[in-house]
Amino acid sequence: MKTRVVKVERAQLGAFENSPGPTRLDNWSVGAVPESDLAALAEAARCLREKDTPVAFPTETVYGLGADARRSAAVKGIYAAKGRPSDNPLIVHVCDLRMLRSLLTPGDGNGDSGGEDPIPDIYRPLIERFWPGPLTILLPSPTPSKLAPEVTAGLANFGARMPSSPLALTLIKLADAPLAAPSANASTKPSPTAAQHVLDDLDGRIELILDGGACTVGVESTVVDGLCDPPVVLRPGGVSLQELRECPGWEKVAKAYKDHSEEGKAAPRAPGMKYKHYSPKAKVVLYEASFSQGSDGVVPEDRDAVPAVNGTNGDVNGNAAKRRKIGVIRTQRWAEGAGFKCENLAPSNATQDAVDGAAADLPYVVEEGDLKNDGGENIGRILDINLGTDIRRIAQGLFSALRELDRRGADVIFVDGINDEMDIAGAVMNRLRKAATESRA
Ligand code: TXA
Ligand code: MG
């Protein structure tokens, strides 16, 4: 199968039809889409209607791998492309509340038949505040349900989300289908936040990737269940716990995912729990915000331990063998180089783009330079990414940075963790802990 990447400009593709008020999100209406974009979107919509191969598309969180949620064969195509068994339920993406209501009414009901709103009251304040946007809500499946059984993996509830990306909303509208869509990565890999990432993972496995540029949120949606008491967060994401708690009925929302505190604090230098999630190829060493370093970066022990990563410091004849590449992801604490001795650090985004032909979608600068030992000898390269101190910016660049360092052949990646109480830092740290091979707590 040949995979094509088709660019769609981030133009104003449509709008919600109604002015602010209770019916604000009822109907997404497609606007005057530029000719070239319309061709790409119409083709993608046709694939979604007629074929059983999923289409990759951008959302504001991460790229999704979409299929018509009502057709079993199409939904099965998602699992085939990702190469994993269909054990995990999928999120259903809708373009407006009209489409959502039709999924909440049994059989052929279109949801417009008057009477009570089938959307549970508990979700009203969340929809009002966070939709369209990075929030997924669990809803009861009616009997019979219009959704293919593969979407819910046998559960009585389904997850629904209205993305804020106009491209995603317009695609759903043109396909005239709710789209089941997991993140468009190969399983175990970090979620894709640019079209290039999807291509890296799924080249030859799908026909079409719509390229709408880099995702703005960068971590997946927050998944909540408001059908139980108290309501719970099943997965931290682009909407923070604090924001949820500000909504009526959600003041006591609880975490129903494993947090750092529940996992138990690992002793310093103890291997962290080894997950197979969000993992780049390189070894990832995470420094928790609670880890007291007393310096400006990676602790000396870790710096000294680096030659052991692949044991290629030099051969017995003194020839430099394969040199080491150290990746550093800095956030709120570390100084440039994270304590490693380095020289000639310089921005290298442009070189990389030229080599790979990848779009310049990196929301940060990669600095590359020489790695030195105490004697000043060249012992490898250092790749330094500064995601800055702002939590939203860190979230935006996180998955991308892990992938970028992998693409450049890092042997080990050191990451400066952040305090997970702040804003959406909980989502960032949740993903980092799953990606980490070791953690320093
Ligand atoms: O931001 C996002 O949510 C992205 C974009 C593409 O929209 N999608 C995404 O999907 O992250 P995926 O499949 O990678 O993750 C879906 C998460 C899983 O943790 C899954 O267990 C949970 O949502 N989920 C979905 N339906 C559920 C259900 N019926 N009950 C419980 N959990 C559910
Ligand atoms: Mg995923």
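Predicted model: local features only at pLDDT ≥ 70, side-chain atom pairs only at ≥ 80, totals over all residues.

Student: Which residues of α1 are buried?
Tutor: D37, A40, L41, A44, A45, C47 and L48. They span an arc of only 155° around the axis, so they lie on the same side of α1.

Student: Why would residues a few places apart point the same way?
Tutor: An α-helix has 3.6 residues a turn, so residues three or four places apart face the same way.

Student: And which residues are exposed on the other side of α1?
Tutor: E35, S36 and E50 are exposed there.

Student: What span should α1 have, and what does the model give?
Tutor: Helix α1 is residues 35–50, which makes 16 residues. At 1.5 Å a residue it should span 22 Å. The end C-alpha atoms are 22 Å apart, so the two agree.

Student: Let's switch to β5. How many of its residues are buried?
Tutor: Five of the five, so β5 is largely enclosed by the rest of the structure.

Student: Which residues sit on which side of β5?
Tutor: G64, G66 and D68 are on one side. L65 and A67 are on the other. All are buried, so both faces are covered, given that buried means under 20% relative accessible area.

Student: How do β4 and β5 run, parallel or antiparallel?
Tutor: Antiparallel, with three bridges joining β4 to β5. A56 stands opposite L65 of β5.

Student: New topic: aromatics. How many aromatic pairs are there?
Tutor: The count comes to six. Take Y287 and F291: their ring centres are 5.4 Å apart and the planes meet at 85°, so the pair is edge-to-face.

Student: Are those two buried or exposed?
Tutor: Y287 is buried, with a relative accessible area of 0%. F291 also counts as buried, at 13%.

Student: What is the geometry of the Y287 and W334 pair?
Tutor: That pair is edge-to-face. The centres are 5.2 Å apart, with 85° between the planes.

Student: Where do Y287 and W334 sit in the chain?
Tutor: Y287 is in strand β14 (residues 283–287). W334 is in the loop between β15 (324–330) and β16 (342–347).

Student: Which residues form the aromatic cluster?
Tutor: Y287, F291 and W334 form one cluster.

Student: Now zoom out. How many helices and strands are in the protein chain?
Tutor: The chain has 13 helices and 20 strands. Of its 441 residues, 55% are buried.

Student: And what share of the contacts join residues at least 24 apart?
Tutor: That share is 71%, among contacts between residues at least 6 apart in sequence.

Student: Last one: what is the accessible surface of the protein chain?
Tutor: About 18,100 Å². Carbon and sulfur atoms account for 51% of that surface.

Terms used. Residues numbered from 1 in each chain as written. Chains lettered and ligands numbered in written order. Heavy atoms only, no water. Helix = DSSP H or I, 4+ residues; strand = E, 2+ residues; numbered from the N terminus. Buried < 20%, exposed > 50% of the residue type's maximum accessible area, 1.4 Å probe, protein only. Contact = heavy atoms within 4.5 Å. Areas by Shrake-Rupley, 256 points an atom, 1.4 Å probe, with all protein chains shown as cover. Expected span 1.5 Å × (residues − 1). Arc of directions from axis to C-beta. Pairing = 2+ DSSP bridges. Phe/Tyr/Trp six-rings, centres within 6.5 Å; stacked < 30°, edge-to-face > 60°.
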